[in-house]
Amino acid sequence: MNQTEAFPGSIANVNLRQVGKNKPRNDAPTKVHGKAIYAGDFYMEDMLFAKVLHSDRASANIRNVDISAARALRGVHSVLTAADLTACNAVMTDLPGQTGGGTKDTTQPILAADRVRFHGEPIALIAAESYELAQQALDLIVVDYEDTEGVYDPFDSQKPGAAIVYSDDNIVADYKIRKGDIEKGFDEADYVLQNTFTSQYQEQAFMEPEAAVAWVDEHEILNIRSSTQVVEHFRAVANALGIPHNRVHLQAPYIGGGFGGKEVMTIEVWLALLAMDTKRPVKLIQTRENSFLSHGPRHPFTITHKTGVTKDGKVTAMKIKLTSDAGAYAKLSPYILLYATVGATGPYRVDNLWVDATSAATNNLPACAFRGFGTMQANTACEAQMEEIAKLIGMDSLELRRKNFIQPGDPNTTGQIIRSSVWCDQCATQALAALGEQPSNSEHLVYGHGIACYQQSYGRIRWMKDTSESWVGLEMDGTAIVRCAVTDIGAGQMSALAQITGEILGVPMDEITVYFGDGHVNPLAGTSTASRALYMSGKATELAARAVRDNLLQCMARHFEVSPDELDLADSTVFVLDNPERRMSIKDMVKLCAAEGVHRHNLSIFKAPPSEGLDPETGQGEVFPDFTYGAHAAQVSVDIDTGEVTVIKSVGAHDVGQAINLRAVEGQIEGSALMGQGFALSEELILEKGVLKNGSFSEYLIPTSEDVPEIQSIVLESRSGLGPFGSKGIGEPVFAPVAASIANAVADAIGTRIHDLPLTPEKVLRAINENKASR
Amino acid sequence: MLPPFDLSQPQSLADALQALAGKGDTRPLAGATNLVPDLRGKRETCRDFVSLDGVNELRYIKRDGDRVTLGARTTMADILDDSGIRTDAPALYAAAEIFAGRMVRTAATIGGNVCCGSPSADTVPALLTVDAEVTLSSVSGQRTVALDEFYIDYKKSVLRSDELLTSVSWNVPPQNSANLFYKLARRKGDAITVTGVAVMIAAEDGVCTRARIALGSVAPTVFRASAAEDLLAGKALDEAIIEQAARAAADQCAPIDDIRASADYRLQTAFSLTRRLLTQAWKQVS
């Protein structure tokens, strides 16, 4: 079957002139020259500087907050505590966006009133003439805490008598899947294997910490210029402040990375309160230490897999239990758990399936969105389990995977039929081949190869009924404008829209201006989250550009006396396809069409396919628009005396549907190779009774430039995706298999499995020694 | 954020020593690559610093016969850029090579690394294996102290508050010698050492004539494993004796558990890395 036929709208055999080419991104020059303006770069007259008092303990009652000395300090203009937030002290932390969702309780106090539930919970806000003064004021605040018994483990928190952090039972969310006949499935198995895998907190570690400036302008509009993935937060800010939605103007300039950490509101509402209180612009750039406490890190998961498999390698049943530590507030934990539930079986078809998933509250840091969004944790466990099954039954692990890959037309975990291409096999085969020969072991070093495949959704949960809008217009001189409030979080979101528009209107990328990130002068595009920005805003832009093209070509068809489909646009000209000598510059075309009153611009809306949710008893239903598939392979060495792991080669191979900008795709693959390496080997937030012990870059260990292996990107294009030109989302997908491939490579090298990430030298050495002892 | 602090910026060594002599709790500041994180992390209480940034006379690498002297403000990058350190102190060169990350190496100084007193200071084990000495200067004069006698306890040394460490010197190792360093850490760049080991083995006629073993991050201070050294001196080394020496070195360790590693892991790796480096060194010289 020609897999591109799966989606009727997909484009096969189209000759693309700009899309997929290695065009320099149009945000590159300003960034390379250091001219790009980020949220923290703005200065305004009379601007004040903010500081936030974060709780230094995880579970305590607040008996009193004495701010008298802080308020009395000269140069301090505002000190706010919960006592000042009389009208409303709650901010929505649910999935943001146009249509909302809503789970049981996803509000969070803006400032802690009588109780702190996690280390870092904000207690007071300060605005002063300088950061130094604000810090001095902060140091003068006396919080009278009464420590209370907390709960720091998601299993403990579900036990009777546990301290209650959330709701009345600490259960933030639960899901189940009941599919096929689980007993029969295990009966059919020749082998049954059970393993439990755990993973840790991971910090987004974006280069730009939370930063924003807020001010009330001459029209009494509250303006916030913030480093956010979501300009639609203006609604949550307005709701929290009790002012109309149309009085809050939230803009996002260029953003220095988000990875999900700037998905839920961070500092915006704090600055809004201070700006309203002082009537002056207020700025805050979080220090790195406070940034660690100002957004939610990746959820730690405990995942138990019980798998039935025949001796031929066919998986007959999977029983999976997922538990995530939500931390002290719900934030996006329910959705992240849902992603993990859907992704529990990786890219495999499992007809007899039983999944129980729970997210429980604790007094740990509230975890939240982070690239991979639960799917990655679930996939990492599943791919470790597949490797262990292969070992158990004595089969090559890729061969085992081949026997179980889901295929187009198959139902997935929730019974959704897979429509787009599944090129896991091609990707895994090419990635493994790219690793080359495994070096022979030396005196101290053993080598290993690892592979992992994945299935990761792109686009939002379908019952969110996601939409995106974009405006495209041609100017009288033949240049083009795109207006789309997509936030550019560094992945080339803005540039991609220029490339798409340029392809359709025949205008070079550098003659296209994209206005982005400002949702009050541009149509709202929705969030830059869920690997949806290119899919959704790209699609809306494609629709708008095609509408402009159609308008103009209809007019030009009359002029050239041909039908519109006999015309094309390229290189700033309109021409007759089978007689290119008959041509006109786009500039002249626009003039001509304008004189005839033809619309030269268009505002389009793109609607993702909706669905109505899951059956709560069986977990069956349609959750996501579509999925991306691929593989990552890694070659590692392990020092058997110390347990140190070195990643030598890291290869990502992904079916991206259609690359819009190949270099941008490679950038995502390379970045994910390192982020996944950090998760596999060294990154871990260490909490003692809820208190973060390594909240700085000297102790929280992301890979440095000296840890970078040889990275190779293999980009395959099935053109079977739902995005523009058949593209699929890639931001999260390319990250999903990386850590699993490294963990599998380490297991291959040392001959035994470590079930608990990250694979620190100490854990690796212990595993080597235990393995030696057991022989 | 950084707390407010006082900073004087003398332009000569004499002025720097004067600034240090004046007050009680005043500390010199060179590359500040440790100091800034410590200030931000509220681990450093001093708020009065004397910057050595303008004291260029402390930035040099000098050779006088077999004697090599580094001015205290010599940076890790200076050590790597010098054509001779690789042979004059191979372990020091190796330590500088994997010292923190590239940015830190251009700022961090040898004097700062020695004076910070951290058991994880990477140049110290290397310097101990070449019997380095440090010169301590003050307005009232100067004295030379063996680095081996410099540290008293965790982050404590014989350096007085009015003194400045002005140079580090040592004699070039003998002809037939091997001088190695291994840094075990949780990542390759910008990492704090979990276990650091440096060894020096010199041999003549198949006999070990000098053995030096120094270990970092496994006790309150970097230290020389003297019992292990004594086991090796004057002997032809083999697997058994190397194993015995490595065991003796590990026995002298007093590591702690912290967020980077357990004491037990540090002990195990102190043993295995000492054994590994001794084996490699002996192979090179025999």
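1. The largest nonpolar core holds 337 residues. Those with the most contacts inside this core are Ala50(A), Ala124(A), Ile126(A), Leu271(A), Ile742(A), Val746(A) and Ile201(B). Helix α13(A) supplies the largest share of the core, 13 residues. As background, nonpolar side chains tend to be buried together in soluble globular proteins. Please read every point here with one caution: this is a predicted model.

2. Take Leu271(A) from that list. Which residues does Leu271(A) touch, leaving aside those up to four places away in sequence? They are Ala50(A), Ala212(A), Ala214(A), Ile224(A), Val282(A) and Leu284(A). Ala50(A) is itself among the residues with the most contacts inside the core.

3. Is Leu273(A) buried or exposed? Leu273(A) has 24 other C-beta atoms within 10 Å, and 20 or more is the cut-off, so the residue counts as buried. Leu273(A) touches Leu80(A) and Leu125(A), again leaving aside residues up to four places away in sequence. Lys763(A) lies elsewhere: its C-alpha is 47 Å from that of Leu273(A), and 490 residues separate the two in sequence.

4. Now chain A as a whole. Chain A contains 17 helices and 30 strands. Its C-alpha atoms fill a box of roughly 85 × 75 × 50 Å along the principal axes. The radius of gyration is 27 Å; a compact globule of 775 residues would have one near 28 Å, so the chain agrees with that expectation. Of the 775 residues, 60% count as buried. Take the contacts in chain A between residues at least 6 apart in sequence: 80% of these join residues at least 24 apart.

5. Domain 1 covers 39-148 + 209-255 + 262-291. Domain 2 covers 301-461 + 613-774. Domain 3 covers 467-607.

6. How do domain 1 and domain 3 of chain A meet? Their C-alpha centres lie 39 Å apart. In the contact, 17 residues of domain 1 face 15 residues of domain 3. On the domain 1 side, the largest share comes from strand β13 (residues 248-251) of chain A, with 3 residues. That side divides into 9 nonpolar, 6 polar and 2 charged residues.

7. Within chain A, look at helix α14, residues 586-595. Which of its residues are buried? They are Ile586(A), Met589(A), Val590(A) and Cys593(A). Viewed down the axis of α14(A), these buried residues fall within an arc of 100°, so they line one face of the helix. After α14(A) comes Gly597(A), with a positive phi near 75°.

8. Last, the contact between the chains. Here 23 residues of chain B are in contact with 26 residues of chain A. On the chain B side, α2 (35-40) and α11 (263-285) each supply at least two residues. Helix α11(B) gives the largest share, 6 residues. By class, the chain B side has 10 nonpolar, 7 polar and 6 charged residues.

Terms used:
Residues are numbered from 1 along each chain as its sequence is written. Chains are lettered from A and ligands numbered from 1 in the order in which they are written. This is a predicted model: local features need pLDDT of at least 70, side-chain atom pairs count only at pLDDT 80 or more; totals for chains, interfaces and linings use all residues. A residue is buried if 20 or more other C-beta atoms lie within 10 Å of its own, exposed if 12 or fewer, and partly exposed in between; C-beta atoms are placed from the backbone. Helices (H or I, at least four residues) and strands (E, at least two) are DSSP runs, numbered from the N terminus. The arc is that of the directions from the helix axis to the C-beta atoms. Domain bounds come from an automatic or database domain assignment. Two residues are in contact if their C-beta atoms, placed from the backbone, lie within 7 Å. Ala, Val, Leu, Ile, Met, Phe, Trp, Tyr, Cys and Pro count as nonpolar, Asp, Glu, Lys and Arg as charged, and the others, Gly among them, as polar. A nonpolar core is a set of buried Ala, Val, Leu, Ile, Met, Phe, Trp, Tyr and Cys residues joined through C-beta atoms within 7 Å. The radius of gyration is taken over C-alpha atoms; the globule rule is 2.2 Å times the number of residues to the power 0.38.
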